[in-house]
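Dear colleague,

Please find the structure below, handed over for your reading. My notes on it follow.

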Amino acid sequence: MHIAIIGTGNVGGALAARWARAGHHIHLGVRDLNDFKGKELLALPNVTAHHIPEAVIASEVILIAATPQATVSIAGQVGHAEGKVVIDAMNSVRVRPEPFANTFDALKTLLPGAQVVKCFNTTGFENMADPVYGDTALDMFMAGSTEQGKAVARQLALGAGFAECYDFGGDDKAALLEQFALAWINLAIMQGQGRDIGFKVLRRDG
């Protein structure tokens, strides 16, 4: 799979490394080819850097893991994304992408025809890099009204080592996933539990 990653910091970088090692072709979408976060990712197989429009053209899937306030600008650089799967891995719990309520709503509006799904936003980047605790893998979560988009997100979550990717529902549940992310932030950072914690859905047999 050819995946454009826009936002090559902690989350984007961790997922780029996981997916590159799984055999996907990663196209880092950056503003400055000579100076960007995650430049060390170019040492991995199947990872190349491009200006954002070129990364998008080369890919079927676009992961956006930038700051919320950059969403409108990024959408303008993405250009035409009809038919492509766009994964929103951002959270607007502190800063909104004005004039939109959240990044998901912004991407849905600014990228008409794209298959936008919310995923990879509910835990810290450390769990993206390694979601396995002992012999148990954490779970990932997604939301959106595009079944194809969610199928791709689930495939990529499993490929990154998560045990399952649970479907929260349609577009109207994207904001709920942001609140779920805030629950992790609250426990890990505000309550001092540390960043090495994660969520797992357990089911009682019978």
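Which residues does A106 touch, not counting residues up to four places away in sequence? They are T71, P97 and F100, where contact means heavy atoms within 4.5 Å. Before going further, please note that this is a predicted model, in which local features need pLDDT of at least 70 and side-chain atom pairs count only at pLDDT 80 or more, while totals for chains, interfaces and linings use all residues. Residues are numbered from 1 along each chain as its sequence is written, and side-chain values use heavy atoms, with hydrogens and water left out.

A106 itself lies in helix α4; helices (H or I, at least four residues) and strands (E, at least two) are DSSP runs, numbered from the N terminus. With a relative accessible area of 0%, A106 is buried. The term buried stands for under 20% relative accessible area, exposed for over 50%, and partly exposed for what is in between (1.4 Å probe, protein chains only). Although A106 and T71 are 35 residues apart along the chain, their C-alpha atoms are separated by 7.2 Å.

The nonpolar cores

A nonpolar core is a set of buried Ala, Val, Leu, Ile, Met, Phe, Trp, Tyr and Cys residues joined through side-chain atoms within 4.5 Å. The largest one here has 35 residues, and W19, I26, L28, L63, I87 and F120 have the most contacts inside it. At least two residues of this core come from each of β1 (2-6), α1 (10-21), β2 (25-30), β4 (61-64), β5 (85-88), β6 (115-119), β9 (140-143) and α6 (147-159). Helix α1 gives the largest share, 6 residues. Another core, of 20 residues, lies apart from it and includes I62, A81, V86 and A114. In soluble globular proteins, nonpolar side chains tend to be buried together.

Backbone features

Most residues other than glycine have a negative phi, and most peptide bonds are trans. N46, which is not a glycine, has a positive phi of about 70 degrees. N46 is placed in the loop between β2 and β3 (47-51) and counts as partly exposed, at 33% relative accessibility. F120 also is a residue other than glycine with a positive phi, near 60 degrees. The loop between β6 and α5 (125-129) holds F120, and this residue is buried, with a relative accessible area of 1%.

A cis peptide bond joins E98 and P99, with omega about 10 degrees. P99 is in the loop between β5 and α4 (103-110).

T122 and the cysteines

T122 is found in the loop between β6 and α5. Is T122 buried or exposed? T122 is buried, its relative accessible area being 2%. Not counting residues up to four places away in sequence, T122 touches M140, F141, L177, F180, A181, W184 and F199.

A search of the whole structure finds 0 disulfides, a disulfide being a pair of cysteine sulfur atoms within 2.5 Å. C119 is in none, and the nearest cysteine sulfur, that of C165, is 3.9 Å away. C119 counts as buried at 0% relative accessibility, and C165 is buried with a relative accessible area of 4%.

With kind regards
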